[in-house]
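My notes follow the order in which I checked them.

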Amino acid sequence: MNPQALVIDDEPDILELLSMTLSGMSIDCVTVETLEQANQALRQQKFDFCLTDMRLPDGNGLDFVMSLRNVMPELPVAVITAHGNMDLAVQALKSGAFDFVSKPIKLRVLRDLVATALKLSPQKTTLHTKERRSRHRFLGETSVVKSLRGKVTKLARSQAPVYISGESGTGKELVARLIHELGVRSEKPFVPINCGAIPADLVESELFGHKKGAFSGAIADKEGLFQAAHGGTLFLDEVADLPLMMQVKLLRAIQEKAIRPVGGNEEITVDVRILCATHKNLAESVRQGTFREDLFYRLNVIELQLPSLRERVEDIPLLAENIMERLAAKNNIAKPSISQEAISALQKYHFPGNVRELENVLERALTWVDSDEIQASDLMLPAQRQLDNMQTQSQGLLIEDDLESQLEEQERQLITQALESTRWNKTAAAKKLGITFRALRYKLKKLNLE
Ligand SMILES: Nc1ncnc2c1ncn2[C@@H]1O[C@H](COP(=O)(O)OP(=O)(O)OP(=O)(O)O)[C@@H](O)[C@H]1O
Ligand SMILES: [Mg+2]
């Protein structure tokens, strides 16, 4: 049996265009002109998806989307919006529509949307198994983390843009990947881009591509990241760092679902889901005038806030064990255990760098530990380290943000001194420093001293 679609629009021309396109895709289509007829059709038969206009003779499409979410949460609904009316599109997404298409309807955009709708229904895997899968990726059993995983699973079904906020190292990129992998786009690419790392004058060509000869250095046509992500997900990391000039162009690309390569004339339709993240406060960037309000509004259809590690200290034992297992496997060594005292030290520490910092702390401990159990003293948590380094503090006060690099510098100096005094005899130098040979070798590599 062909898939069944319900289409609601009071403009006969649009109804005809839609039903023709859908039959071309071997989809049976029931077309109605009012919400009352729509509700009647829904009572009479099952549909695979629904497409509705926003302004109808007997009500508005938004209320219809909301009521459907309550009575038939599994039925994917997309809305048709008037050209340029982004407010309504955003509201529809917030209300539970999985996507929107704006008038005049571009056939390629419509086909992409329909293809997505068909993948959403019937669900290939149940929400339940998906949630189980994400449990092994985004670890944690505290209620904040459990509820976060539930949201991620639901968001994976939508095509709405998601703004992932949270302190650095809280797992924003990991969550973005999960939203992609649990959704219908998982077979297509996940393309991450660090907006802060690309020079301002290259961002446009990176995102949209360029034509040969568009600027000096453009020796051939080049595809942009939007095209590379076609059918998949584009993850705009550190989006607050996007230059203002580019923000306008990004907004346009999102609204039109089309891009124009630098130096090119024709528009290319692209079907990408946009996820973004930044460790900065994006709303604050808007207030300061470094981030466009209209783009913020468009990207922040749904905000997912990641809790800091301080808000889930009960998860630290689980995370620590798991990270240690990963590190041990990577270094091909037996996994040391972590003493109870070390675990409580970790739970007392405030982790400004969150899970990533926990990974770093454990990796460092792994290189210094001499037994098969990690003790609190092996962790060298900053408060401890500050005390240890009292004598060498003449260089000035340790500033927390810069602690890591200052400590590395001190390590570098101490290790170099030891090596020089032993004429680069590593075994002797390690002994002098009171660390194992293995640990020294690791340090040398990490500090680029070899
Ligand atoms: N809940 C978790 N379970 C397992 N690993 C996690 C969890 N959260 C984060 N991680 C790991 O912590 C590290 C940092 O995560 P990620 O890069 O996603 O953070 P981020 O928020 O993007 O950080 P930044 O702001 O620095 O870019 C990664 O190695 C990730 O796999
Ligand atoms: Mg990141």
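Which polar side-chain atom lies 2.9 Å from an oxygen atom of ligand 1? I found that it belongs to Glu359. The protein covers 84% of the 630 Å² of accessible area that ligand 1 has on its own. Accessible areas here come from the Shrake-Rupley method with a 1.4 Å probe, and for residues only the protein chains shown count as cover.

Ground rules next. I am reading a predicted model, in which local features need pLDDT of at least 70, side-chain atom pairs count only at pLDDT 80 or more, and totals for chains, interfaces and linings use all residues. Residues are numbered from 1 along each chain as its sequence is written, chains are lettered from A and ligands numbered from 1 in the order in which they are written, and side-chain values use heavy atoms, with hydrogens and water left out.

**Ligand 1**

I went through the rest of the site. Ligand 1 is surrounded by 14 residues, and the closest are Leu139, Gly169, Lys172, Arg356 and Glu359. A residue is near a molecule if one of its heavy atoms lies within 4 Å of it. In the side chain of Arg356, an N or O atom is 2.5 Å from an oxygen atom of ligand 1. Leu139 uses its backbone: an N or O atom there lies 2.9 Å from a nitrogen atom of the ligand.

I sorted the shell by type. It has 5 nonpolar, 4 polar and 5 charged residues. For that count, Ala, Val, Leu, Ile, Met, Phe, Trp, Tyr, Cys and Pro are nonpolar, Asp, Glu, Lys and Arg are charged, and the others, Gly among them, are polar. Helices α8 (172-181) and α16 (354-368) each supply at least two residues of the shell. Helices (H or I, at least four residues) and strands (E, at least two) are DSSP runs, numbered from the N terminus. Domain 2 (127-305) and domain 3 (310-388) each give the shell at least three residues.

**Domains and overall build**

I then stepped back to the whole protein. It is divided into domain 1 (4-120), domain 2 (127-305) and domain 3 (310-388), with bounds from an automatic or database domain assignment. The centres of domain 1 and domain 2, taken over C-alpha atoms, are 25 Å apart. Their contact takes 20 residues from domain 1 and 19 residues from domain 2. Contact means heavy atoms within 4.5 Å.

I noted 21 helices and 18 strands. The C-alpha trace spans about 90 × 55 × 40 Å along its principal axes. Of the 450 residues, 49% count as buried. Buried means under 20% relative accessible area, exposed over 50%, and partly exposed in between (1.4 Å probe, protein chains only). The accessible surface comes to about 22,200 Å², and 51% of this belongs to carbon and sulfur atoms. Among contacts between residues at least 6 apart in sequence, 69% join residues at least 24 apart.

**Two buried residues**

I looked up Ser165 in strand β8 (residues 162-165). Ser165 counts as buried, at 7% relative accessibility. Its side chain makes a polar contact with the side chain of Glu303 (2.8 Å). A polar contact is a pair of N or O atoms within 3.5 Å; within protein, one must be able to donate a hydrogen and the other to accept it, and residues adjacent in sequence count only if both atoms are side-chain atoms. Beyond its neighbours within four places in sequence, Ser165 is in contact with residues including Lys172, Thr278 and Leu306.

Arg298 came next, in helix α13 (residues 293-299). Arg298 is buried too, with a relative accessible area of 2%. Outside four places in sequence, its contacts include Met86, Phe100, Pro161 and Leu251. The C-alpha atoms of Arg298 and Val162 are 9.4 Å apart, though 136 residues separate them along the chain.

Most residues other than glycine have a negative phi, and most peptide bonds are trans. I checked for exceptions. Lys103 and Pro104 are joined by a cis peptide bond, with omega about -10 degrees. Pro104 is in the loop between β7 (99-102) and α5 (107-120).

Ser26 has a positive phi, near 60 degrees. Ser26 lies in the loop between α1 (12-24) and β2 (28-32), and is partly exposed at 40% relative accessible area. Phe351 also has a positive phi, near 40 degrees. Phe351 sits in the loop between α15 (340-348) and α16. Is Phe351 buried or exposed? I have Phe351 down as buried, at 1% relative accessibility.
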